[in-house]
Amino acid sequence: MTQYLRLSLLLNFVVRFIQIIIVFPMAVLLSFYIPPFGSLDYELHFMVCLMLAATVSVIITKISKKLIVLMFIGMLGMIAFNSTFKDQTLDGIYADYNAMLVNMTSNPHKVSYFKPVRGTYFQDQRVRSAMQSTHPKVRAFAVENSTRYFHDEYYRKFGKPTRYFSLFKHIRLNWKYVNDPLGMDYYSPPTESMGLLAGDCDDYAILMASSVMAIGGEARIVISPNHMYTEVKVGTVDDIDKISFALRTLFPDELNGGKIHFHETGGDLWINFDYTAHYPGGPFLEPELYSVITFDR
């Protein structure tokens, strides 16, 4: 009798555990297929989907404990099947929602930084495949152009960000926008882009991120509704005054009294290195984020 009771308690625990952990992936799927109502913010929309998923989970469990277990097994099967064909992996789901963790502490715009969109996992995998931060030619390109514009006095004064700002200046000044082939989203590898210094926003972002990483910097790539750009870590939020002073010193004409736009993540200071901005930390072309692609240090 005691053994039966223990088994029953264990089964109840397993069912309750499944009932809880199934809520988030269910909410993700619901947010994909249920559009936001009216002007409802995407953050609030996901919270509604989360509450709906929790309600569904409780109702199904009350109807049949076996059914909630079967649903859990079915969802695991779907993820395993999709992962085989690189359609929707767990890494992809994480990448799609990584933007939720970005804290917009000093953005002059109202930013909706949590907007679930199917398909960004494709971009995540393709961006990672295109990155070449350890390629010898990319390293040589980055070293040469990180020392091209600002002499050593600035490096001693402002530190490593000076090298990143020099890279930004060289790539942005010489970059020419060229569309992808008709009907194709082409991601140019940096070894190709650094010779041409031409391409679209994803080519620029991949080259910029690879170049910064090639000289020891930390970069990430942000996917927004119709755009892709690079952000570079230039210190902590405590360094904002120093970075602001450095940018106003090195880009006086471009900045010309403008604001420094940045994102804070875990106390780290990330600034915009997009070609649509005239200076590092320039305005965001699209404040709304879909996903943030980070790379191992």
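**Reading the core, a helix pair and a sheet**

Colleague: In the largest nonpolar core, which residues touch the most other members?

Modeller: This is a predicted model. The largest nonpolar core has 50 residues, and Val127, Phe165 and Ile221 touch the most other members. At least two residues of this core come from each of α6 (120-130), α7, α9 (161-174), α11, β3 (219-224), β4, α12 and β6. Helix α11 gives the largest share, ten residues.

Colleague: What does Val127 touch, leaving out residues up to four places away in sequence?

Modeller: With those left out, Val127 touches Tyr187, Ile206, Ile221, Met228, Ile293 and Phe295.

Colleague: Now the helices. At what angle do α7 and α11 pack?

Modeller: Angles of 65 to 115 degrees count as roughly perpendicular. Helix α7 (residues 136-146) packs against helix α11 (residues 201-214) at about 80°, and their axes are 8 Å apart. Therefore α7 is roughly perpendicular to α11.

Colleague: Which residues of α7 and α11 meet?

Modeller: From α7 come Val138, Arg139, Phe141 and Ala142; from α11 come Leu207, Ser210, Ser211 and Ala214. Sorted by class, this contact of α7 with α11 has five nonpolar residues, two polar and one charged.

Colleague: Take Ser211 in α11. Is Ser211 buried or exposed?

Modeller: The cut-off for buried is under 20% relative accessible area. Ser211 has a relative accessible area of 0%, so Ser211 is buried. Not counting residues up to four places away in sequence, Ser211 touches Val138, Phe141 and Ala142, as well as Leu167 and Ile171.

Colleague: Next, the sheet. What is the order of the strands in the open sheet of five strands?

Modeller: The order is β5-β6-β4-β3-β7, and the pairing is antiparallel. An edge strand pairs on one side only; here the edge strands are β5 (262-265) and β7 (291-293). On average, neighbouring strands of this sheet are turned by 30° against each other, direction ignored.

Colleague: Which strands does helix α12 touch?

Modeller: Helix α12 (residues 240-250) packs on the sheet and touches β4 (227-236), β5 and β6. The direction of α12 makes about 25° with that of β6.

Colleague: How many bridges join β5 to β6?

Modeller: Four bridges join β5 to strand β6 (residues 268-272), and the two run antiparallel. Phe262 stands opposite Ile271 in β6, and Glu264 has Leu269 in β6 as its bridge partner. The two strands form a hairpin with two residues between them. In the turn, Gly266 has a positive phi of about 60°.

Colleague: How many bridges join β4 to β6?

Modeller: Five bridges join β4 to β6, and these strands run antiparallel. Leu269 in β6 is the bridge partner of Gly235.

Colleague: Why is β6 described as largely enclosed by the rest of the structure?

Modeller: Because five of the five residues of β6 are buried, the strand is largely enclosed by the rest of the structure.

Colleague: Which residues of β6 lie on one side, and which on the other?

Modeller: In a regular strand, side chains alternate between the two faces of the sheet. In β6, Asp268, Trp270 and Asn272 are on one side, and Leu269 and Ile271 are on the other. All of these residues are buried, and both faces of β6 are covered.

How values were computed: Residues numbered from 1 in each chain as written. Predicted model: local features only at pLDDT ≥ 70, side-chain atom pairs only at ≥ 80, totals over all residues. Heavy atoms only, no water. Axes fitted to C-alpha atoms, helices over the stretch in contact; angles between N-to-C directions. Parallel < 35°, antiparallel > 145°, perpendicular 65-115°, else oblique. Contact = heavy atoms within 4.5 Å. Nonpolar A, V, L, I, M, F, W, Y, C, P; charged D, E, K, R; others polar. Pairing = 2+ DSSP bridges. Buried < 20%, exposed > 50% of the residue type's maximum accessible area, 1.4 Å probe, protein only. Core = buried A, V, L, I, M, F, W, Y, C linked by side-chain atoms within 4.5 Å.
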